[in-house]
Amino acid sequence: MSQTPSAAGGASYASAGVDIEAGDRAVELMKEWVKKTQRAEVAGLGGLGGFAGLFDASALKRYERPLLASATDGVGTKVDIARQMGVYDTIGHDLVAMVMDDIVVCGAEPLFMTDYICVGKVHPERVAAIVKGIAEGCVLAGCALVGGETAEHPGLLGPDDFDVAGAGTGVVEHDRLLGADRIRSGDAVIAMASSGLHSNGYSLVRHVVFDRAGMTLDQQVEELGRTLGEELLEPTKIYSLDCLALTRTTDVHAYSHITGGGLAANLARVIPDGLHATVDRSTWTPGAIFDLVGKAGQVERLELEKTLNMGVGMMAVVPAESVDAALTTLADRGVESWVAGEITERGAHTTGAELVGDYAR
């Protein structure tokens, strides 16, 4: 009797390293977390496991001229810290912050998000933990997680390797769109404290603390008050709902999300031609992790500042007369904030934004 190729030991998807059953198990484990992110616009419209996520766009009828805002991002090499520590339920929080805090910069309300998780081997509980973090982040951002994709790439990634990416959509009324055209000379620049490194500059940080300083993730660091790994895995702060609250309670001209490129470069993105933002370093003290990276790697201050957020995760540009109300709103929401600078006319030798002075000690 002849044998079929599979019975004779022929190739299969499983023998190539892809476990479909493990993927199905991961979907079942993540369903409870995705459900927690539902908004009214997605309730009852299919469920996890479909080919597309659905959102009831009739909710946009209340807008006169709705503008959809879209962003996509990942969390870079911070995923390797999570892998080494075996902690997977915070990296998704970082992902939501990187996507939705870009969207809110223009004044848009986050609506929904999708994710993409790529792994060398599907470990259902691990994938579910990543999605748990994404779902918890979506709750903090006020958006729904409407779907995603988990891809298994054996041979390209090691069995414990993974990466995450996401895309999000928000909406803003046309006449409430924030940005450079609203900024005026005399406006104040308000800084909002970061929770740490957030999710940028980890290639530099990893090179410094591991390769140059020989530190380990389980090493207790006195100035940090915890282990190095705990500090490096601190989730990125999500400012979305705080920024939306600020736009409701006071006049806001622009936001700047401080991510890759550092504070000055990101702030310059929202400063119009002819104006200049000056940020005074003496108005705050960067957290201990920034000093540690600088000293351990003998990294020059300007190099640190164009790579890391230096303790500021979001900035708002508001009229001078709105400063007190803005600071009160943020304080009421538990967001540490302060006036860090001002907007002036641009001189012949100035650029869009610069940092001046020395950090407070």
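A crossing of two helices is called left-handed if the near helix is turned anticlockwise from the far one by less than a right angle, and right-handed if clockwise. Helices (H or I, at least four residues) and strands (E, at least two) are DSSP runs, numbered from the N terminus. The model is predicted: local features need pLDDT of at least 70, side-chain atom pairs count only at pLDDT 80 or more, and totals for chains, interfaces and linings use all residues. Residues are numbered from 1 along each chain as its sequence is written, and side-chain values use heavy atoms, with hydrogens and water left out.

By that rule, α3 passes α4 in a right-handed crossing. On the α3 side the contact (heavy atoms within 4.5 Å) is made by I91, G92, H93, L95, V96 and M100, and on the α4 side by I130, G133, I134, G137, C138, L140 and A141. Sorted by class, this contact has nine nonpolar, four polar and no charged residues; Ala, Val, Leu, Ile, Met, Phe, Trp, Tyr, Cys and Pro count as nonpolar, Asp, Glu, Lys and Arg as charged, and the others, Gly among them, as polar.

Helix α2 spans residues 78-85, and its buried residues are K78, V79, D80, I81 and A82. Buried means under 20% relative accessible area, exposed over 50%, and partly exposed in between (1.4 Å probe, protein chains only). The cover over these α2 residues includes α3, β4 (162-173), α5 (202-212) and α6 (228-232). Just after α2, G86 has a positive phi of about 70°.

A nonpolar core is a set of buried Ala, Val, Leu, Ile, Met, Phe, Trp, Tyr and Cys residues joined through side-chain atoms within 4.5 Å. The largest one has 78 residues, and F162, V209, L232, L267, W284 and M315 have the most contacts inside it. Its largest share, eight residues, comes from α3. Leaving aside neighbours within four places in sequence, L232 is in contact with residues including K78 and I81, along with V209 and I289. A second, separate core of 19 residues includes V104, A188, A316 and V318.

The last stop is E223, in the loop between β6 (220-221) and β7 (226-227). Is E223 buried or exposed? Its relative accessibility is 53%, so E223 counts as exposed. Not counting residues up to four places away in sequence, E223 touches A288 and L292. E223 and I289 are 66 residues apart in sequence, with 8.2 Å between their C-alpha atoms.
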